[in-house]
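The following dialogue shows how to read several features of a structure, one at a time.

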Amino acid sequence: MRTVYDLIILGSGAGGSTLAYALRQSGMKILVVERGDFLPKEPQNWDTQAVFGQRRYRTTEVWRNADSGRRIHPTEYYFVGGKTKLFGAAFLRLRQRDFETLEHCEGISPEWPVMYQELEPYYARAEQLYRVHGTAGADPTGPSRSAPYPYPALPHGEYIQQLAVRLREQGLQPFPIPLGLDYRDGGRCLYCKTCDGYPCQVDAKSDAETCCLRPALESGNVDVLVNAFARRLLVGPDGRIEGVEVEQDGTTQTLRAGQFVVACGAIPSAALLLRSKCASHPQGLANSSGLVGANLMFHNCTGMVGIHFTRRNTAEFQKTLTLTDYYFSGPDWPYPLGTIQFLGFYPLQHGGMPGLGRWLNSRSIQFFSMSEDLPDPQNRVLSDDSGQIRLRYRPNNLRTHRRLVGLATRHFRRAGFSLVLSRIVPQPQQAGTHVCGTARFGHDPRTSVLDPYCRTHDVPNLFVVDASFFPSSGAVNPALTIVAQALRVGDHIAQGLSQKSVER
Ligand SMILES: Cc1cc2nc3c(=O)[nH]c(=O)nc-3n(C[C@H](O)[C@H](O)[C@H](O)COP(=O)(O)OP(=O)(O)OC[C@H]3O[C@@H](n4cnc5c(N)ncnc54)[C@H](O)[C@@H]3O)c2cc1C
Ligand code: SF4
């Protein structure tokens, strides 16, 4: 490890690792500081009891509900690669209209400072980088594309294929979920049951470590410091960040660089900025707008299980289908509803009757309904002086969400599932999976924290490059948009460097 760096990136998840990759040949010396370690390859990676029963990879950190004081056990995975180590690898683009003002039943989803066309080339690069398999033109509400997917869609098992037919018979247009797995010719993917929500034991999942951080490290221009927790950013007399206090093995050191990027994930990033308050930033760093931590969004998600008493689910890999027919409206409903997406295998808990549990698991399909929650400045991350994270969050846009769940239930019943069970993911208690919005980007420093290239309005050498920048959550999984924006920010930083060298 060097002692002097040009750029320090805090956090190695979707945003941080992608940015390190984008800048690996820029001429800068870059350090990635990650609070977790490399996720070990071990038999428990694919052990359902270890992953879901014992929550082996989830943090044991406790946050608090700011209103009720209740404990929150966040869905955070503090490893190199961040949440992408366990994610479902669904890589969907936001729709063109998601970038515009969109009227919902309970409010407005605001306009973004960049339009879809600006991000489109970066979506295409992101799909290459994360090896996405899909079918161009199959998504009925999908945006326009400059290129086909890099790899063909993954095949449906016979069971899923038949289910697609039964959904199509109802007038729906199910299509293959764009997925990032190494299913290329000669690829490593085994197409196993233990993917969505599990780490991949054979590095075939397109996570941020595999696709970005490792190649960045191989370039020789990027180092990583693991088990290193970024406690506070320090502001110098010139108003720029001059260092970051990092705790590692019980000691604290200050690391210095010319530029800093916060990429700790939407909630930890906001918490880091808030606990870095100082005399010149008394409300928290880069928080002259008062919006650091505000507009916290999670997506309204309901986990669903369809049980077919006579048909056995024979699919090994079942997360291959999704529906966006109701993205912008539905029957007798002029407002956006959201997405219905198949999940990987999440076993039903069987309590004291394991035989019954096994039987039900073999006859069920898991999926979820996902709708947009709207940005509300009252929904926010708070951080007290002890550094403990507190969340204030009141769900919104639930009328729409219930309607989508009702439609999903009806379609799966008609497809032969006599029993359809559903349970909304309670927020803020489950904080984490698709979290975004806590440092929105925009043109106006009074109404946004970041500029359109994710640089903070208040501090010239500080960027935030993770899920925090979203002004609205849309109703597709966020990772591809985080990655695309990180690539865009990377280009912007690199262009700034080359301009400076021309001026010299
Ligand atoms: C089970 C699960 C399934 C998912 N499935 C999908 C999916 O199919 N498709 C999709 O698009 N999205 C999915 N997501 C969401 C997706 O993984 C996240 O949106 C994405 O990883 C967020 O990227 P990020 O850079 O904001 O944060 P992260 O990826 O979480 O990265 C943040 C990193 O910062 C580190 N860090 C935190 N605090 C500090 C600190 N103080 N100092 C140093 N390091 C720190 C963390 O350890 C972590 O490595 C899923 C998430 C989960 C949990
Ligand atoms: S399906 Fe492929 S990518 Fe997913 S865990 Fe199995 S081998 Fe890894």
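Q: In which loop does Pro-428 lie?

A: This is a predicted model, in which local features need pLDDT of at least 70 and side-chain atom pairs count only at pLDDT 80 or more, while totals for chains, interfaces and linings use all residues. Residues are numbered from 1 along each chain as its sequence is written, chains are lettered from A and ligands numbered from 1 in the order in which they are written, and side-chain values use heavy atoms, with hydrogens and water left out. Helices (H or I, at least four residues) and strands (E, at least two) are DSSP runs, numbered from the N terminus. Pro-428 lies in the loop between strand 21 (419-424) and strand 22 (462-464).

Q: Is the peptide bond from Gln-427 to Pro-428 cis or trans?

A: The bond from Gln-427 to Pro-428 is cis, with omega near 15 degrees.

Q: How are two packed helices described?

A: Two packed helices are described by the angle between their axes and by the distance between the axes. Axes are lines fitted to C-alpha atoms, for helices over the stretch in contact, and angles run from 0 to 180 degrees between N-to-C directions. Here, helix 1 (residues 14-22) and helix 5 (residues 208-218) pack at an angle of about 35 degrees, their axes being 8 Å apart.

Q: Which residues make the contact of helix 1 and helix 5?

A: Contact means heavy atoms within 4.5 Å. Helix 1 contributes Ala-14, Ser-17, Thr-18, Ala-20 and Tyr-21, and helix 5 contributes Ala-208, Cys-211, Cys-212, Leu-213, Pro-215 and Ala-216.

Q: Which residues does Ala-66 touch?

A: Leaving aside residues up to four places away in sequence, Ala-66 touches Leu-382, Arg-390, Leu-391 and Arg-392. Ala-66 lies in the loop between strand 3 (63-65) and strand 4 (71-72). Although Ala-66 and Arg-390 are 324 residues apart along the chain, their C-alpha atoms are separated by 5.1 Å.

Q: Which residues come nearest to ligand 2?

A: A residue is near a molecule if one of its heavy atoms lies within 4 Å of it. Of the 13 residues around ligand 2, Cys-189, Leu-190, Cys-192, Cys-195 and Cys-200 come nearest.
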